[in-house]
Every structure is written in C-alpha cells, then in structure tokens.
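Colleague: Could you take a close look at the sheet of this model and at what packs against it, and take me through that part with the cut-offs stated?

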Amino acid sequence: MNQLEGKKAIVTGASRGIGRDIAIEFARQGADVAVLARSQDLLEEVASQIQETGRKAVVQVADVTDEQQITGAVEQAIADLGGVDVVVNNAGGNSFSSPVVGMRFSGWQKTQRLNVESTVHVLQAVGPVLLGQKSGSVINLASVAGLRGAPMMSHYGAAKAAIISLTRSVAVEWAWANVRVNTLLPGWIETDLTQFLRDAPDGGSGALARVPMQRWGQPGEIAAGAVFLASDASSFMTGQELILDGGLSAMP
Ligand SMILES: NC(=O)c1ccc[n+]([C@@H]2O[C@H](COP(=O)([O-])OP(=O)(O)OC[C@H]3O[C@@H](n4cnc5c(N)ncnc54)[C@H](OP(=O)(O)O)[C@@H]3O)[C@@H](O)[C@H]2O)c1
C-alpha cells in the first residue's frame, strides 16, 4: 500500500486544491512532506492532516514568484526534512482571460512568473541535491491548455506549453543521474481555480461540454497520478506527460 514509504517530498501550492490533495496523499503513502504556499493558516491545517497519518510535515510560507523567497524556502524545507526525493511544482494558475490584442503585458509576465519561472527557480534549487544523490522524481504541473491553442488564455496556454518543453529538456539533462522529471496534465478539475466556471450562468456546463466523461475531475484523481509519478511504479518513465482529463484531449 505505502508506495512512497520513507520518501521526503516538497509540494508547492499545497495550501488548497490539487497541491493539498497531493501533499496529504503522499503522506498517506508513507512520505514526509514539506508544504509550501503563501497562506500559513491553510498550510498549518494541511500539515496537521499530514501529521495525523504519522508522517512529518514541514510548513514553508513563500511566494513562488519571488526568487529569493522560493529558493530560501526550498533550501529550508530540504534541511528540515533531512533531504528530498520528490518535488512537485504545483503552484500556478491563471487569474484572467483576454485576447492577445489588448492584453496588458504585465498580465502576460505575471502568468509566466507564476507558472514557468517559479518552476525554474525550484528546479535550480533542488537539481544539485537530486543529481548529487543520483535519485529523485520531479513532477511539474502543466495543463491540457498547453497541448493546443488556448484562445482568450494564450498567456496560460503558453506558460503550460513551456512547462511541458522545460520538463522534457530537464528530463534529458538529468536522466544520467536517475533523476526523473515528468509533467502532470489535468483537465478541468473542481478547485478554486475553476470556480468562476461553475459560478457562470451555465453552471459550468459549457466547460464540460467537450469532456467525454461529462464531469469535473477531483483533486484526489490528480493526486493518484502524482503518486504514480513519484513512486518506483514509474521508474522507467521520464520526460513524459501524464494526462488526466476525462478524455478531453482525446476529442477530435
Ligand atoms: N484546476 C484545474 O482545472 C487545473 C487544470 C489544469 C492545470 N491545473 C494546474 O494545477 C495546479 C494547481 O491548480 P489548482 O486548481 O489546485 O489551483 P488553486 O486551487 O487555485 O490552488 C493554487 C495553489 O497554488 C498556490 N499559489 C498560488 N500562487 C502562489 C504564489 N505566488 N506563491 C506560492 N503559492 C501560490 C495557492 O496557495 P496560496 O494562495 O496560499 O499561495 C494554492 O495552494 C496549477 O499549476 C494549475 O495551473 C489546474
């Protein structure tokens, strides 16, 4: 049952949504977990759920868009955990929609900072440790929005496409050291990030119209994929994308 027994994991964006479920499921599977985000109160609540499983929890409050903060928090998390085996770059998202013409460039930059640059900062902080010990699994959260055009959300689609490419590059750079790097691509998942769709007049039915399974994915279903990528069950998998989207990306 315990697929991550004895592992030490860092999960960014672990205060809510997908990251929260990943952190708690990792602990249930036997890992000590450092949880990182900006909301200390929510992180403390996740930490207490981790501790209820009998595993160690480390709380690090940091803004992933601030290079100094995120680098310092990751280094402190590794020190407090006593090492690191699994890293999940989950913090990310998108706060607006706009056509390219008329988009404030600061909005474009903010989206790249939150999704892409934060991931680069974490990779640069954990890389030397993972390469030095010659083992590890890194999971970067992208999105099916990064697989094809994302009209009105080009900033987000481009950011997630960059993460897919970044993941492949780093996977090749790190494969010699048995450090695996893969991308997890959720479709529409029921979290705060997608609440605006369920609050829309159609109740979100427009978003679900192209999802063959005709329902929202749950954060726990993404956490199950993260456990697979983090564990030895995926020991020969690197530089790949695991898509969990209810069939959305299979649609013609
Ligand atoms: N939900 C979906 O349908 C969906 C689909 C595809 C991909 N994804 C991706 O999956 C990941 C998680 O999404 P979600 O739906 O769980 O989002 P969410 O519910 O909005 O949660 C986002 C998490 O990231 C943290 N975060 C946001 N900005 C941060 C910052 N500047 N510094 C540190 N932490 C920050 C938040 O914590 P604080 O606010 O406490 O900092 C929170 O823990 C994201 O990368 C998202 O793009 C989601």
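Modeller: Two strands are taken to pair if DSSP finds at least two bridges between them, and strands (E, at least two residues) as well as helices (H or I, at least four) are DSSP runs numbered from the N terminus. This is a predicted model, in which local features need pLDDT of at least 70 and side-chain atom pairs count only at pLDDT 80 or more, while totals for chains, interfaces and linings use all residues. Residues are numbered from 1 along each chain as its sequence is written, and side-chain values use heavy atoms, with hydrogens and water left out.

In strand 2, Ala34 is the bridge partner of Ile10, and strand 1 (residues 8–12) and strand 2 (residues 32–37) run parallel, joined by five bridges. They belong to an open sheet of seven strands with parallel pairing, in the order 3-2-1-4-5-6-7. Strand 3 (57–61) and strand 7 (241–244) are at the edges with a single partner strand each, so one side of each has no neighbour in the sheet. Direction ignored, neighbouring strands are turned by 15° against each other on average, where axes are lines fitted to C-alpha atoms, for helices over the stretch in contact (heavy atoms within 4.5 Å), and angles otherwise run from 0 to 180 degrees between N-to-C directions.

Helix 2 (residues 40–52) lies across strand 2 and strand 3, running at about 170° to strand 3. Helix 8 (residues 219–230) lies across strand 4 (86–89), strand 5 (136–141), strand 6 (179–186) and strand 7, at about 165° to strand 6.
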